[in-house]
Amino acid sequence: VLRSPTVFPVCFALICVFAADAQSLPPAAKAAEEGISADRIRAHVKFLASDLLEGRGPGQRGGEIAAEYIATQFALDGLKPAGDNGTFLQRVPLAGVTPVPEQTRFSLVPKSGAPIALRFGDDFVTSNQTQTDSASVDAPIVWVGYGIDAPEYSWDDFKGVDVRGKVLLALVNEPASEDEKFFKGKALTYYGRWTYKFEQASRKGAIGILIIHRTDLASYGWDVVRNSWSGEHDYLQNDPLATLKAASWIQLDIANKLFASTGMDAAQAIASAGKRGFTARELPIRLQARVASKVRRFESMNVVGILPRAETAASGQAIMYTAHYDHFGVGPSKTADHIYNGAADNGTGCGVLLELAYAFSHAAIRPPHDVIFASVTAEEQGLLGSEYLGLHPPVPASQISLDLNYDMLLPIGDPLSTELGGAERTSFYPQVQATAEQFHLTIEPDAQPMAGHYYRSDHFSLARVGIPAFSIGEGTRYADHPEAWGQEQYQDYNKNRYHQPTDEYSDAMDFTGNAKMAKFGFVLGWKAMQGNGPVQWNSGDEFEAARKRGTTR
Ligand SMILES: [Zn+2]
């Protein structure tokens, strides 16, 4: 035992090196990793993506069969049930809310001057998060700029205003910056996402929000907004951060009219929002609205199991693996095939997750900490299953060291690169880099930091409750193929199969890469458990506060 660094400086330095990157697995764990099988992953994907599973829709028969299948595999592996009432299934209560435009009214009523009536679809879209058939709003509008409260950047758009019972008017995105230390420069932080604006409005007790849509800031057009809010939108039931009667978007020209009717210059108001010293203000104008909806309540299941740690080990440093099993079920499509099989998305992630559960549980050695396996539902509806899991984790979030997520690993061969967006935010990154090197994988940088990909996959649901989390994905370089081939495969998949009934299993698929990513994740998980102390967010990271709070969101 080394007690004094002054006596053994060299050894101490060596230990540091080992801790940083050369940490190896016990032989029995290494053997389990090497036994990871592409064929078993294939078998899971083939079954989960078969027509019999009817596209694994949440709340649909096929989704339930998928959950039962995964639970059965967990049972066969000898995992401990970690769902409700001693089962592997965790009930996720959901509500689907569909707007009824014919009966929905939106009107901006200035203190002086004529009211401005808005048209659903053309001028605004809205969703009633309170999940009732009808909601009415008659409240003043408060201009809050970007609607951001970010202590790490000393930025608070809500300073000095009480927005309880009121309607917010806010911009999408975040203050423009080239400075890495201010809202991460050009990259999008979570504060810039519209989901944050909605949640923040709920958190502050507002009853509605009008997000101003600007194509230049949102990186997509109004059509995208209109289409995504015209049909059913799903929520967790009783979500504390979805309490708005009118969660809405308005077109920029409507915002211009709104400002003008209060005597303000829209361009000036918007420009001032990105600058220090901006102050929110209540405007002399009200939103009077009735929001009509059709509400459908249903439930779906997360599947959760735990491989308990070795008996001698301490608690507090569990690791978690996640992969969503849901897809779009049976639905309307442009072709004769109406089954959204979701072979790659996310049969592959499930196959990897099940193979990891198999490898860990069949190893001749127990891991030093609990290993949680969770296959979550309703990802395609907005990360809802993982959100529920984050709010109701099987062990407290503060005792989970790391979440590794798998989503959509194209089964097309042997990848030479990997995508690990978010890993660089954590104290674990040096080990991630060293492990990638052992696997001869280069880590691909985020090709579109402005798109905010980190906030669009299930790992994010765990990050927001403080758990360091990222997804393990295949990169775009593949063995035995020219450099550009992988990129072409991804483009072909996106165009011809992604979120379409054509995302089907075929015997021609090559699961070598899926197995490689499973092995890679196995080693990462084991190393995270071997580290002295849980993984942390780098200081200044936007999720650090949630980790320190040790509470939910
Ligand atoms: Zn997916």
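Modeller: Let us start with Thr189, whose side chain makes a polar contact of 2.5 Å with the side chain of Glu174. Please keep in mind throughout that this is a predicted model.

Biologist: What makes the approach of the Thr189 and Glu174 side chains a polar contact?

Modeller: The cut-off for a pair of N or O atoms, one able to donate a hydrogen and the other to accept it, is 3.5 Å, and the Thr189 and Glu174 side chains come to 2.5 Å; the value falls within the limit, so the label applies.

Biologist: Where does Thr189 sit, and why is Thr189 counted as buried?

Modeller: Thr189 is in the loop between strand S9 (167-171) and helix H5 (194-203). Buried requires a relative accessible area under 20%, and Thr189 has 1%, so it counts as buried. Leaving aside neighbours within four places in sequence, its contacts are Tyr153, Glu174, Phe183, Lys184, Tyr455 and Glu542. Among these, Tyr153, Phe183 and Tyr455 also belong to a cluster linked by ring pairs, whose other members include Trp155, Tyr190 and Trp537.

Biologist: What places the charged end of an arginine over a ring in the case of Tyr454?

Modeller: Tyr454 is another member of that ring cluster, and Arg425 lies over its face at 4.5 Å from the ring centre, where the distance limit is 6 Å. In a second case, the charged end of Arg296 sits over the ring of Phe298, 4.1 Å from the centre.

Biologist: Why are the rings of Phe106 and Phe124 called stacked?

Modeller: A search of the whole structure finds 38 aromatic pairs. For Phe106 and Phe124, the ring centres are 4.0 Å apart and the planes are at 10°; pairing asks for centres within 6.5 Å and stacking for planes under 30 degrees apart, so this pair is stacked. Phe106 lies in strand S3 (residues 105-110) and Phe124 in strand S5 (residues 124-127), so the pair ties together parts that are 18 residues apart in sequence. Both residues are buried.

Biologist: Turning to the metal, which residues donate to the zinc ion, and why is the arrangement called irregular?

Modeller: The protein donors are His324 through NE2, Asp345 through OD, and Asp407 through two OD entries, at 2.1 to 2.7 Å from the zinc ion. A caution belongs here, since water is not among the atoms and sites may look incomplete.

Biologist: What is noted about phi at Ala378 and Asn238, and is each of them buried or exposed?

Modeller: Ala378, in the loop between S17 and H11, has a phi near 50°, a positive value in a residue other than glycine. Asn238, in the loop between S11 and strand S12 (246-251), has a positive phi near 55°. Most residues other than glycine have a negative phi. With 1% relative accessibility, Ala378 falls under the 20% limit and counts as buried, whereas Asn238, at 73%, is over the 50% limit and counts as exposed.

Biologist: Why is Tyr490 called buried?

Modeller: Tyr490, found in helix H14 (residues 485-496), has a relative accessible area of 16%, which is under the 20% cut-off, so the label is buried. Its side chain is joined to that of Tyr478 by a polar contact of 3.2 Å.

Conventions
Residues numbered from 1 in each chain as written. Predicted model: local features only at pLDDT ≥ 70, side-chain atom pairs only at ≥ 80, totals over all residues. Heavy atoms only, no water. Donors = N, O, S within 2.8 Å, 3.2 Å for Na, K, Ca; no water. Phe/Tyr/Trp six-rings, centres within 6.5 Å; stacked < 30°, edge-to-face > 60°. Helix = DSSP H or I, 4+ residues; strand = E, 2+ residues; numbered from the N terminus. Buried < 20%, exposed > 50% of the residue type's maximum accessible area, 1.4 Å probe, protein only. Lys NZ or Arg CZ within 6 Å of the ring centre and 35° of its normal. Contact = heavy atoms within 4.5 Å.
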